[in-house]
Amino acid sequence: MNGLEVRGLSYRYGPRQALKEVSFSVPKGRFCALLGPNGAGKSTLFNLLTALFTAPEGQIMVAGVNLSQEPRRALARMGVVFQQPTLDLDLTVRRNMLYFAALHGISGSEAARRCDAALEQLGMGERAAETVRALNGGHRRRMEIARALIHRPEVLLLDEPTVGLDAASRAAITDHVHALADQGLSVLWATHLTDEVQDNDLTLLLHKGVLLAQDTAANLRQDQSLQDAFLRLTGGAVQEHGGGGLR
Ligand SMILES: Nc1ncnc2c1ncn2[C@@H]1O[C@H](COP(=O)(O)OP(=O)(O)OP(=O)(O)O)[C@@H](O)[C@H]1O
């Protein structure tokens with residue numbers, strides 16, 4: 001069974017078609033990079049996958065559960081890291097985590113155990129007692145990812161999670177999330193930064209609402225850089241931007 005399965009998904013803002021018949025799947029234990037320049041439709045796709053928008057056409061299955069038919073069950077199988085941080089800066093890392101656990105109906109020693117385990121997975125175990133305000137941007141992001149794991153989801157969605165971070169923090173976070181996929185999680189990672197994608201990753205290239213390609217990064221790029229492969233596939237619509245980015 002796939003972690004995430006999307007079939008024939010379309011979405012319009014009035015006359016503007018933001019997504020057109022998008023279909024893809026992310027198997028269990030795979031890291032899937034959703035690459036696209038600004039305006040490609042990544043945020044629209046995320047809003048549909050997280051049920052913030054309702055899809056008028058198409059089907060989304062989360063770990064085998066139909067999102068439109070059983071939203072609560074489907075969302076319970078999904079962890080989400082949104083582009084905008086949503087942390088209480090004045091609480092400790094642990095308090096933030098426990099609050100989130102409580103929202104999922106997890107409390108007491110079970111919540112404490114899960115909180116410690118999730119923080120360890122992101123290399124954040126020693127930071128549990130610090131207030132979030134004292135953490136740097138990279139550690140705050142890692143904490144948010146740990147928090148998204150506390151209810152043990154099967155699918156993890158991340159919407160441009162490294163925006164605004166330095167190169168070292170970006171590399172640490174991408175490595176941690178690749179390790180989570182290796183442990184069995186299905187990961188969908190939206191980005192416009194090609195250097196966050198590894199050769200073995202599934203890669204979706206979204207451009208103007210259409211999936212132009214889906215394959216491993218190695219197959220897509222062949223003997224080129226991924227950046228150059230994108231230029232080829234998008235007919236030059238994607239331009240180089242600092243840090244291996246697409247705009
Ligand atoms: N509320 C809206 N009303 C009308 N058009 C919209 C709206 N939101 C997005 N769009 C359009 O839909 C298309 C897809 O936008 P979307 O924000 O999903 O792209 P994106 O890949 O997330 O881009 P970015 O990286 O800039 O966030 C774009 O053409 C955008 O202008």
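These notebook entries record what I looked up in the predicted model.

**Conventions.** I number residues from 1 along each chain as its sequence is written. For this predicted model, local features need pLDDT of at least 70 and side-chain atom pairs count only at pLDDT 80 or more, while totals for chains, interfaces and linings use all residues.

**Confidence.** I first looked up pLDDT, the predictor's confidence in each residue, from 0 to 100. The protein chain has a mean pLDDT of 92, with 96% of its residues reaching 70 or more. I noted ipTM 0.96 and pTM 0.92 for the model. Over residues 238–244 pLDDT stays under 50, and the model has 14 contacts beyond four places in sequence for them. I count two residues as in contact if their C-beta atoms, placed from the backbone, lie within 7 Å. Where pLDDT is low, the predicted coordinates should not be read in detail.

**Domains.** I took the domain bounds from an automatic or database domain assignment. Domain 1 covers 2–77 + 157–246, and domain 2 covers 88–152. I find their C-alpha centres 25 Å apart. Ten residues of domain 1 are in contact with nine residues of domain 2. On the side of domain 1 that touches domain 2, helix H6 (residues 167–182) gives the largest share, six residues. That side of domain 1 divides into seven nonpolar, three polar and no charged residues. For these classes I count Ala, Val, Leu, Ile, Met, Phe, Trp, Tyr, Cys and Pro as nonpolar, Asp, Glu, Lys and Arg as charged, and the others, Gly among them, as polar. Helices (H or I, at least four residues) and strands (E, at least two) are DSSP runs, numbered from the N terminus.

**Alanine 229.** I located alanine 229 in helix H8 (residues 226–233). Is alanine 229 buried or exposed? Alanine 229 is buried, because 21 other C-beta atoms lie within 10 Å. The cut-offs are 20 or more such atoms for buried, 12 or fewer for exposed, and partly exposed in between, with C-beta atoms placed from the backbone. Leaving aside residues up to four places away in sequence, alanine 229 touches Leu220, Arg221 and Gln224. From alanine 229 to valine 210 I read 17 Å, C-alpha to C-alpha, at a sequence separation of 19 residues.
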